[in-house]
Amino acid sequence: MKILVIMKQTFDTEAQIVLKDGKIEAEGVKQILNPYDEYAVEEAVQLKEKNGGEVIAVGIGDAAFEGTLRHVLAMGCDRAVVLDDPALQAADARGQAAALAAAIRPLEADLLLCGYTMIDCGDGEVNIRLAALLGMGEVMAVSQLTLEGSTITAVSEQEGGRLVVAGELPLLIGVDKGINEPRYPGMKNIMQGRKKAKAALHLSAEKLGLSPESLQPVCQVKEVFLPAKRSAGTILTGEAGPAARKLAALLHGEAKVV
């Protein structure tokens, strides 16, 4: 079985966002593997350990991507494909999905795993587009996955219930947190990860057969801004009755929620 994991590098969840000239300042900010993608890597490695096969990590990134690359390889991915062309990094979801599809098609994967969302942008558009381009069915927000032969059974927690879906490979599965507990690689695995990272396949837009026109964004960011600072809250003191009446007046007059 050949399993591919789609990975993305994001800002550390504790990083402070700073804007400079209307853009997010990335200088000096620690970057990590998208946490949801880490669950996908762990699930892929566990499936390989149970069923045999190979796990290949695929992602778009620049020189700063090296740390993330080493990490997923240390976790147990066998090899990696990196799309490190600046044109691909600057592309929108449509262009990046096209680039990933072009890199993945020749690999003839049985199963694609990814995080169902990205913590930096809060969506999973690239992966949804990727499944469509590859002609694969997809299931998102999967919290439980079972493989029997060529049949995948996926459980997705929904508001008010659970969705259980079964399908035949190949499929694209977007995993949710809680599906597993990602491992911490030991020193031996870390050293192996560094060695495997040196053998990663690096691809450009030209090698993928993508023209500059095909990477032109169809969606543009008009403005980037930080949320307004919250004003100090109001603390009500005194007896419960008068305080409740004052609270009701504030909710009606100032907050305008009642």
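Modeller: A helix crossing is left-handed if the near helix is turned anticlockwise from the far one by less than a right angle, and right-handed if clockwise. In this structure, helix α1 (residues 35-51) and α2 cross in the right-handed sense.

Biologist: What kind of model is this?

Modeller: The model is predicted: local features need pLDDT of at least 70 and side-chain atom pairs pLDDT 80 or more, while totals for chains, interfaces and linings use all residues. Residues are numbered from 1 along each chain as its sequence is written, and side-chain values use heavy atoms, without hydrogens and water.

Biologist: At what angle do α1 and α2 pack?

Modeller: About 30°, with axes (lines fitted to C-alpha atoms over the stretch in contact) 9 Å apart. That angle makes α1 roughly parallel (under 35 degrees) to α2.

Biologist: Which residues make the contact?

Modeller: Glu38, Val41, Glu42 and Val45 of α1 meet His71, Val72 and Met75 of α2 (contact: heavy atoms within 4.5 Å).

Biologist: Which strands pair with β7?

Modeller: Strand β6 (residues 54-60) pairs with β7 in the parallel sense over five bridges (pairing needs at least two by DSSP). Strand β13 (residues 201-203) also runs parallel to β7, joined by three bridges.

Biologist: What does Val81 face in each?

Modeller: Val81 is the bridge partner of Val58 and stands opposite Leu201 in β13.

Terms used: Helices (H or I, at least four residues) and strands (E, at least two) are DSSP runs, numbered from the N terminus. Axes are lines fitted to C-alpha atoms, for helices over the stretch in contact, and angles run from 0 to 180 degrees between N-to-C directions. Angles under 35 degrees count as roughly parallel, over 145 as roughly antiparallel, 65 to 115 as roughly perpendicular and the rest as oblique.
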